[in-house]
Amino acid sequence: MQQKKLIEDLEYNRKYKEINGLKDMQNYSYYLANKEVTLYAVDDLITYEEKYQYIIDNVLEAFKMLMEQRGKQATNEQLEFAETTTKILLGELINNESVPVIPAPCGFGKSSITYLFTLEICKAIKLGKWQHGMIIVTDKLEQLKDLNEYIYDHLGYYNNEENIPYSYVLEGWTERSYEEGMCKNKEMKRYEMGMCQGCPFFTSCKISKQSSIQKDSPILLMTKARLETFADSVNQYTYYIDDNGEKQYRTLLINDEKPKMINTLDVSRSLVNKIDSDLSLIEIRSKEYEEKKVKLMDKWEIIRSMVLHKLETYSKYERIIVSNINNEPILLNDEEFILLWDELMGKKYSFELQHIHKVLTVGGLFCKTNLRGSFISTLGMKETIHNENFKTVIFDATALTDPEYSSGKGEAYENIVKFVDIRNTREFPNLTFNFYMKHKLNKSTFKSKNYLVKAVSNFISTLSTNGFTYVVTYKDIAPLLFNQLTFNRNVSINSHAFNNKVKIVAEEDKTFYFGNTKGSNKAEKCENMIQVGWNNLPDYTYATNYLCTGFNEEKKMDIIRTCSNIEHSESFAKYLMMEDYKFKHQHLHQFKYFCMLTDFIQEVFRTKLRDYTYDDQITIHCFSIDPLLIGMVEQLFPDCKIKRHYDELSSFTEAKVLGRQNKKESVAQRVMSWWNNYDWNGNELHIREILKVNNITQQQFNKAKSNNKQFKSFIDKHKGSKSRYYKC
C-alpha cells in the first residue's frame, strides 16, 4: 500500500490586495488544490491458490502474442498490469467488503485482458478444473456481442448436444429494441422504469425469456440497460446450471467502465403529477377493483400534496437542505399502500417511489432553477457497487481523478473502493494542449451567437492537415457543426483519400458529442483533437453529487439533522451557491473541476494517445476554461506542452461580421464573403480588381475599414507581397 499525489499544491484563484486603488503585487491570497489517493498492491487485496498459476501464465502468454499480432511489443508495465489484473480477478478477497478498482490508462489493454481471462476461465470449466461462472457488465452491447463471438470461435458450445454457449448476452430495452426483434410492443418509444412488467407482450418477448435461458451458461454478459430495465438486483443471476444439471455459482462481477454510483432523483411537481395522471388511467375491472383504485388514489393524493407543500414552502430559496427525518406511516411505511400499489401498478414507478419516500422521510437538496423549475434532489449512493454474493472488480481508466470514487476518510465509499496499484511512468513530451482563452464556448453562447458554429468550422479548416482529427462538442451542436464542416471546402469527413484537407473523423450525420464517446475506439487513429466547449453540468448537479459522494451515510444524516434548524440550513446553503461563476465552497469548486478533468481525460484518450507506445506529435485544441483545470492537466500529463492563446481567432472575427443580420449586405460582408469563396489558386490581386468585382468604390472600402475593426484586421492579414496587392 502506498500514497500517490496526483495533484500537488496547485495554486488557483490568486487575488491581490489593493492599496489606494492599486494592486499590491507582494500581497495576495490564493487557494491550493491537492489530490492524493491510496494504492493497494495485489497482496494487500487478495490471496490465490498456486494451483491456478497456469491460468495467470496462459493469460500473460496470450497477451504477449496478441500484442505481437497487432504489430506492437508489450511494455514491462503492460505485462505487470496483465499479471496484476489476472491475479485480482482470480484470487479471493482478503476483505469481502472491498471493491478493487483497476485504474489502468486507456489503451493499456483492459479489454484485451477481459477477453483473454474469460477465455481461460471457459477452458478451465471445460476441463473440469474450475466451476465458478462470472458476470461482465458494460455500456456497449456491441462489445459484449464481440466477446460472446470470440469465446464461441475459440471453444464452440459449452453443451454441444443442446447448443448451449459458454456465454450468454443479456440485453435490455433500447429505442431500437422493436426493430431488432427484442421487443414486441411497437408503441413503446422511450424507456420508463418498470414498463416491461406491465407490458401485454412481456411473457412472449425475448427480453422476458432471457432470464430463464441465461441460467444454462456459466458466463453472463450484461448491459447496464438490462439491470435498469427491470429495476432488479443482480442477485437473481448468482448461479447457472452446469452440463451435469448441478447448480454452480457465478462469483465474480466485472464492471468494464464505471458503474452508476450516485443514487439521486429530482422529485418535482411534474413527476408527482405524472404519477397522478397514470393512476387515474387504471382500468376498472370490477366494483372491488374500483374501490381499491379510489383508496390508492386517496393515499397518493396525501403524498402528492405533501411534496407540493414542501416545494412551495422552500420556494423563496435558490438552494437549501430540506430536513424531514421521521418515520411517518406514509408511502413505503404504509403497508396498505404498498399492497394496493403492487396489485394495481405492479413495478411501475418503484424507483421513483423510493426517492419520493426519501424526500418525505429524510430530506434532500431543494433547487430552484430557471429551466427546470423547482425540485428536491435525494442524496445517496448506489449500494450495489458492493454485493456480498460477488467479488466485484471495476475497470476504469480515469477512476483516480473521478471524485465519485469517494474513498477518502469520511467519504461515501471509505473502506469499500480500493485502487489497485498499476505502475505507469509514461510521460508526454509529444503532447501539446492549445487553450484559446479569448473564446468561451458554452451552450448559452451557442444559443445567443448564431455565427459560432460557422466560426468553429472555419477555425477547424485552418488547422494542421497531418493525420486525422477528432472533433467533440455538445449533443445539440454536433449535427449543426457536422453540416457546416460538410460544406467547408478545406475539410473532408470520414475520408481516407490523400489530400491537403483537414481530415475529420465523425459519425454518419454528426460529430462526436459529450456523453457518448467513453470506451469508443472510432478516433484511435487521430493525431489531432478539437474539443468545442466543455462538458460542464448545471451547478445544482455538482452540488447534489458533491453531497452524495463527499460524506458517508452517518455524516450525511448529521448534516440533514443539523439542517432541521432553518438558520443552520440557510447558512449551509450559502456554500452550495456560486458567485462570479465559481462555487464559494472550495471543496465543491474543486469537485466540479475534477469532474470536468475526468471527462476531458476520457476525450483526450480517444485519440492516438491511447496507443501506449506512440511517440509522434499529438495536438489538442480547446477553448477558454478556468486556469485551475489547465493546471490539473499540466500535472497529470508530465512533460506535456501547454500553450495559452489570448488573441481573438480570425475565423471568429470574420464569422461575427458575416453573421450580422443587416437589412442590406454591408461592404465588409460582401467583400469577406467573396474573398472566402474566390478560387485564388495561389495568386495575388490588386485592390483595383477586388473593388471592381465587388462593385464598390475605394471610398466605400476605406470607410468600411475605418468603421469595422474586424474587417480591417481581415484585410491587413491578407496583404500580398507588393503594395496594394492581396492574397488568400
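**A walk through the model**

Modeller: Happy to start with helix α3 (residues 76-90): at 1.5 Å a residue its 15 residues should span 21 Å, and its end C-alpha atoms are 21 Å apart, which agrees. The expected span is 1.5 Å times one less than the number of residues. Helices (H or I, at least four residues) and strands (E, at least two) are DSSP runs, numbered from the N terminus. This is a predicted model, where local features need pLDDT of at least 70 and side-chain atom pairs count only at pLDDT 80 or more, while totals for chains, interfaces and linings use all residues. Residues are numbered from 1 along each chain as its sequence is written, and side-chain values use heavy atoms, with hydrogens and water left out.

Colleague: How many residues of α3 are buried?

Modeller: 12 of the 15, so α3 is largely enclosed by the rest of the structure. Buried means under 20% relative accessible area, exposed over 50%, and partly exposed in between (1.4 Å probe, protein chains only). Among the buried residues of α3 are Phe81, Lys87 and Leu90.

Colleague: And strand β14, what's the story there?

Modeller: Five of the five residues of β14 (residues 319-323) are buried, so this strand is also largely enclosed by the rest of the structure. Arg319, Ile321 and Ser323 cover one side, with Ile320 and Val322 on the other.

Colleague: Which strand is β14 joined to?

Modeller: Strand β15 (residues 363-369), through five bridges, and the two run antiparallel. Strands pair if DSSP finds at least two bridges between them. Isoleucine 320 stands opposite phenylalanine 366 in β15.

Colleague: Switching topic: how many aromatic pairs are there?

Modeller: The count is 38. Rings of Phe, Tyr and Trp (its six-membered ring) pair if their centres lie within 6.5 Å; planes under 30 degrees apart count as stacked, over 60 as edge-to-face and the rest as tilted. One of the pairs is phenylalanine 623 with phenylalanine 652, tilted, at 5.9 Å centre to centre and 55° between the planes. Phenylalanine 623 lies in strand β27 (residues 618-623) and phenylalanine 652 in helix α20 (residues 650-658), so the pair ties together parts 29 residues apart in sequence.

Colleague: Are those two buried or exposed?

Modeller: Phenylalanine 623 and phenylalanine 652 are both buried.

Colleague: Where does a charge sit over a ring?

Modeller: The charged end of lysine 440 sits over the ring of tyrosine 581, 4.8 Å from its centre. The rule asks for NZ of Lys or CZ of Arg within 6 Å of the ring centre and within 35 degrees of the ring normal.
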